[in-house]
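I opened this notebook to keep track of what I look up in the model. The entries follow the order in which I checked things.

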Amino acid sequence: MFIMNITLESIQLTESDLSEYSARLSSQQELYSLTAPAKPIAQFGWRDRWWLNDTPSEQIALNYWFYETADEANSAADTGRVRLSAQSLSKFGGRESIYQPIDNDEVEIGDSVWQAGANWLFVRDTVVVLVAEIGGQIPVETTLEIARKIQRKLDSLLA
């Protein structure tokens, strides 16, 4: 998939990128848009599942979605975050996604960032990335560092 100078292969983390976590790729699959079937529709979506420390109890999913414009990417992330988890937060007047906006100056990832526990959803240019741990075994510091690894790859392409 090619969007400007960003391809999946150019930002996708590899075993080498995750070597400090003794990572093993367990599965890969194409994904629909975060907002499917509603607009904006991703041009392409992909998920890699990794076992960290060579154990299935420490699983992480790295999701990548590519959009035509940065506005579409931001809209899809903000709208689609509701679909990422069945959990929600009680807010005055109703319920809201567990993925809450975070000041990206605090975490230094993406142009827009949302967090739910150890999970990070962020937008960088036309790409939406979700770093999600599965099972509650991976600390927030680890998932944040993995998100930053993807961010650095994106930044190097956009420089």
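**Entry 1: helix 4**

I started with helix 4 (residues 140-158), which has 19 residues and reaches 26 Å from its first C-alpha to its last, close to the 27 Å expected at 1.5 Å a residue. The expected span is 1.5 Å times one less than the number of residues in the helix. Helices (H or I, at least four residues) and strands (E, at least two) are DSSP runs, numbered from the N terminus.

I noted that this is a predicted model, in which local features need pLDDT of at least 70, side-chain atom pairs count only at pLDDT 80 or more, and totals for chains, interfaces and linings use all residues. Residues are numbered from 1 along each chain as its sequence is written, and side-chain values use heavy atoms, with hydrogens and water left out.

**Entry 2: confidence**

I looked up pLDDT, the predictor's confidence in each residue, from 0 to 100. The protein chain has a mean of 90, and 94% of its residues reach 70 or more. Confidence is lowest in strand 1 (residues 2-3), at a mean of 42, and highest in strand 5, at 97. Where pLDDT is low, the predicted coordinates should not be read in detail.

**Entry 3: what is buried in the helices**

Which residues of helix 4 are buried? I used the rule that buried means under 20% relative accessible area, exposed over 50%, and partly exposed in between (1.4 Å probe, protein chains only). I found Thr142, Thr143, Leu144, Ile146, Ala147, Lys149, Ile150, Gln151, Lys153 and Leu154. Their cover includes strand 2 (6-7), helix 1 (8-11), strand 5 (59-66), helix 3 (104-107), strand 10 and strand 11; contact here means heavy atoms within 4.5 Å.

In helix 2 (residues 70-80), I listed Ala73, Ala76, Ala77 and Gly80 as the buried residues. They lie on the same side of helix 2 because they cover an arc of only 95° around the axis, taken from the directions from the helix axis to the C-beta atoms. Strand 9 (112-116), strand 10 (119-124) and strand 11 (127-134) are among what covers them.

**Entry 4: salt bridges**

I counted a salt bridge when a side-chain nitrogen of Lys or Arg is within 4 Å of a carboxyl oxygen of Asp or Glu. By this rule I have six salt bridges.

One of them joins the side chains of Lys149 and Glu20, at 3.0 Å from N to O. This pair links distant parts of the chain, with Lys149 in helix 4 and Glu20 in the loop between helix 1 and strand 3, 129 residues apart. Lys149 is buried at 14% relative accessibility, whereas Glu20 is exposed at 53%.

Arg124 and Asp155 also meet through their side chains, at 2.8 Å from N to O. Arg124 is in strand 10 and Asp155 in helix 4, 31 residues apart, and the pair links distant parts of the chain. I have Asp155 as partly exposed, at 29% relative accessibility. Salt bridges that share partners join Asp111, Arg124 and Asp155 into one network.

Arg81 pairs with Asp78, and their closest N and O atoms are 2.9 Å apart. Arg81 counts as buried at 12%, and Asp78 as partly exposed at 37%.

**Entry 5: Ala23**

Is Ala23 buried or exposed? Ala23 counts as buried because its relative accessible area is 8%. I located Ala23 in the loop between helix 1 and strand 3 (24-30). Leaving out residues up to four places away in sequence, I found that Ala23 touches Glu15, Leu18, Trp50, Trp51 and Leu52.
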